[in-house]
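Have the structure open as you read.

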Amino acid sequence: LRGQKRKPLGYLLNLPADREKAKRWRILVDRVVGCRKCPAFKWSGNVLPPWGDTNSKFLIIGQSLCTQCYEGGEPFYGHSGELLDSVFSLLETHKSDFLITNVVLHNPPANRPSSEEERHNCSDAFGREAFTLQSPKVVITLGRDAYNFISRRSYSMRSCLESDVWGKSSLADGTSTKRFAWIPDVHPAFYYRSRDEAVQRGYVQRLVRRIKKATKLMKKGVV
């Protein structure tokens, strides 16, 4: 599937067996593809709805869509995605076994950081609905924007490095959810740019360890 052009409904690789729930996912994807709320959308027109397995108990949330990911047809495609691919490999799983989305689902001009308006529009229109539809057991946030979607705490790299696995039952805006395990971490692009292989290995190993811990909590029924 890498590098191939996808039709809008091709983003969700595994829809729920429940017809009503599957219908709601299709409607959500169509709304994402047709959204024109943000002025910056007119600059590129690039958009990428939630991608992957809607039945997965795991949700990965990134920042905003980059040009490389849009062209590749999937989130975390290319350089930063290579680090996550290493994580998936060590876990003996694949990217498509997760549901993956971004706080901002379109590509801001020149890959700039997303604006508050863009984050607000996507969270209001799609973020909370996708989260509720999936009802994940384990949520992995990568980067500041994703962190702030889940928590009102101030984001810092230190907070991500010192955190392990948190239990949560709400989003940052106060929306109540079913209890889930939250793994906050740094966006992989930061470590890719470091060009330090030892640091990159440490990042991959940290994510693997945290995901394994969250998986044990899920199997024990803690989340």
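What follows starts with a helix and its cysteines, then turns to the rings.

A word on the ground rules: this is a predicted model, where local features need pLDDT of at least 70, side-chain atom pairs count only at pLDDT 80 or more, and totals for chains, interfaces and linings use all residues. Residues are numbered from 1 along each chain as its sequence is written, and side-chain values use heavy atoms, with hydrogens and water left out.

Let's begin at helix α5, which covers residues 116-134; helices here are DSSP runs of H or I with at least four residues, strands are E runs of at least two, and both are numbered from the N terminus. The helix bends by about 50° at Ser-123, where the bend is the angle between axes fitted to the seven residues ending there and the seven starting there.

Which α5 residues are buried? Among them are Glu-118, Asn-121, Cys-122, Ala-125 and Phe-126. Buried means under 20% relative accessible area, exposed over 50%, and partly exposed in between, using a 1.4 Å probe and protein chains only. The buried residues of α5 pack against several elements, including α1 (19-34), β4 (99-104) and β7 (176-185).

Zoom in on Asn-121, buried at a relative accessible area of 13%. Leaving aside neighbours within four places in sequence, Asn-121 is in contact (heavy atoms within 4.5 Å) with Lys-37 and Cys-38.

Now the cysteines. A disulfide is a pair of cysteine sulfur atoms within 2.5 Å, and by this rule the count is zero. Cys-122 has its nearest cysteine sulfur in Cys-38, 5.8 Å away, and is in no disulfide. Cys-122 is buried at 6% relative accessible area, and Cys-160 is buried at 0%.

On to the rings. Rings of Phe, Tyr and Trp (its six-membered ring) pair if their centres lie within 6.5 Å; planes under 30 degrees apart are stacked, over 60 edge-to-face, and the rest tilted. The structure holds eight aromatic pairs. Phe-131 and Phe-180 make an edge-to-face pair, because their centres are 5.3 Å apart and their planes are at 65°. Phe-131 lies in helix α5 and Phe-180 in strand β7, so this pair ties together parts that are 49 residues apart in sequence. Phe-131 is buried at 4%, and Phe-180 at 0%. Tyr-147 and Tyr-155 are also edge-to-face, with centres 5.2 Å apart and planes at 75°. Finally, ring pairs link Phe-58, Phe-88 and Phe-98 into a cluster.
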